[in-house]
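Reader: Could you take me on a close look at one part of this model, the salt bridges and what surrounds them? I would enjoy one connected account.

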Amino acid sequence: MSNNTKKEIIIRSIKIIDIAYIFSVYAISGFFFSLLLDKIFPVYNEQKYKTYSKSKIIIEICLQFAAIGIIVYLIKNLFELVPFPFEGIYGYEHKKVKELDNAIPLTYTILFFQNSLKDKLLYLSKLYFKTPIVS
């Protein structure tokens, strides 16, 4: 096996480990920050939300999305500062992995566990379209 082939295999192996590392950290962080968001924002209660105006519900939903956006931004930027254990091996650069930059697993995990947000959006949809929404 040539040195170039060996180097390519090692770099690709490190990249696979890096992607698994990024996804794991983002997903775990997303889960715990989702729990924090549940403590900050009110839980959906249909009887209570019937007394709210559409504007108030929309503002609450926007604030929840804004908080998610801020959390994703902060976690992503802080995680980029954490050194990757295999940085520099055969010239590998952790910062070049696109999964690090887009934070999709982090965003999806947070959104997945935001049941209250989903319930508020479904209720708002029901108000605007006056049709039963099946969840």
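Author: Happy to! Let's begin with Glu-80, which pairs with Lys-76 in a salt bridge whose closest N and O atoms are 3.2 Å apart. The term salt bridge is used here for a side-chain nitrogen of Lys or Arg within 4 Å of a carboxyl oxygen of Asp or Glu. Before going on, please keep in mind that this is a predicted model, where local features need pLDDT of at least 70, side-chain atom pairs count only at pLDDT 80 or more, and totals for chains, interfaces and linings use all residues. Residues are numbered from 1 along each chain as its sequence is written, and side-chain values use heavy atoms, with hydrogens and water left out.

Back to the pair. Lys-76 is buried, with a relative accessible area of 14%, while Glu-80 is partly exposed at 32%; buried means under 20% relative accessible area, exposed over 50%, and partly exposed in between, with a 1.4 Å probe and protein chains only. Lys-76 sits in helix H3, residues 54–79, where helices are DSSP runs of H or I with at least four residues, numbered from the N terminus. A network of salt bridges links Lys-76, Glu-80 and Asp-101. Leaving aside residues up to four places away in sequence, Lys-76 also touches Tyr-26, Leu-100, Ala-103 and Leu-106, among others, a contact being heavy atoms within 4.5 Å.

Glu-60 is buried at 11%, and Lys-120 is buried at 1%.

For a contrast in setting, look at Glu-93 and Lys-96, whose salt bridge has its closest N and O atoms 3.4 Å apart. Here Glu-93 is partly exposed at 30% and Lys-96 is exposed at 62%. In total, the structure holds six salt bridges.

How values were computed
Helices (H or I, at least four residues) and strands (E, at least two) are DSSP runs, numbered from the N terminus.
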